[in-house]
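Okay, thanks for making time, everyone.

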Amino acid sequence: MLSRHAKIIRLIEIVGEVSGRKKLQKMVYIGKHLEMDFDERFEFHMYGPYSEELTLRVDELCNMGLIDEQVESKGAIHMYRYSLNETGRDFLRFHEVDFGLGERAIVRMNEENSRFLELVSTILYFNHLPYEEMKGKIFTFKSKQRYTEEEIRKGQAFIAELRSLMQGGGTKPM
């Protein structure tokens with residue numbers, strides 16, 4: 001059971017800090033689609049794929065004192081930052097988590113903002129559909145985000161870049 005928690009801790013350790021709950025959700029969802037060993041189940045939600053399991057797991061990690069959660073308030077908006085603490089590092093010594101080449105993809109995902117990762121995760125969610133239908137779903141379900149077709153193409157290129165990283169290739173210019 002705690003091996004599932006260790007995977008989330010390891011993801012945070014790899015990048016040092018994850019800024020935002022939504023960003024963490026999208027990084028795990030994308031990682032899962034890239035065949036990283038994540039167990040959480042996802043459903044489509046207001047901000048794209050969402051896992052209640054992941055939300056609960058992160059809350060448990062904070063409550064157990066294995067990761068730190070900092071909250072910044074900017075008016076009515078609360079921004080969450082997750083980082084690993086010494087207790088979490090000690091915990092990881094007893095739980096082997098190796099994402100292999102996936103670590104490069106995790107680092108690369110963390111370089112992007114949550115809005116872009118929301119688009120990328122939505123592209124992956126509808127990836128089984130023909131391009132025009134997938135694009136229509138994004139424009140319909142994500143109308144408030146006002147994504148453009150150019151952004152969708154950048155999202156698809158980003159997915160290809162992450163897959164290349166997972167296979168040992170280098171980054172591709174975007």
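So, let's start here: which residues of α1 are buried? They are His 5, Ala 6, Lys 7, Ile 8, Ile 9, Arg 10, Leu 11, Ile 12, Ile 14 and Val 15. Keep in mind that this is a predicted model.

Now, the helix itself. α1 covers residues 2-15, so to speak, with 14 residues in the run. From its first C-alpha to its last it reaches 21 Å, close to the 20 Å expected at 1.5 Å a residue. And because 10 of those 14 residues are buried, α1 is largely enclosed by the rest of the structure.

Okay, on to the core. The largest nonpolar core has 48 residues, and Leu 11, Ile 106 and Met 109 have the most contacts inside it. α1 supplies the largest share of this core, seven residues. As for Met 109, if you skip neighbours within four places in sequence, it is in contact with Lys 23, Met 27, Ile 30, Gly 31, Met 36, Leu 117, Phe 158 and Leu 162.

Last bit, the sheet. β1 pairs with β5 (residues 77-84) over three bridges, and Val 18 has Tyr 82 in β5 as its bridge partner.

Notes:
Residues numbered from 1 in each chain as written. Predicted model: local features only at pLDDT ≥ 70, side-chain atom pairs only at ≥ 80, totals over all residues. Heavy atoms only, no water. Pairing = 2+ DSSP bridges. Helix = DSSP H or I, 4+ residues; strand = E, 2+ residues; numbered from the N terminus. Expected span 1.5 Å × (residues − 1). Buried < 20%, exposed > 50% of the residue type's maximum accessible area, 1.4 Å probe, protein only. Core = buried A, V, L, I, M, F, W, Y, C linked by side-chain atoms within 4.5 Å. Contact = heavy atoms within 4.5 Å.
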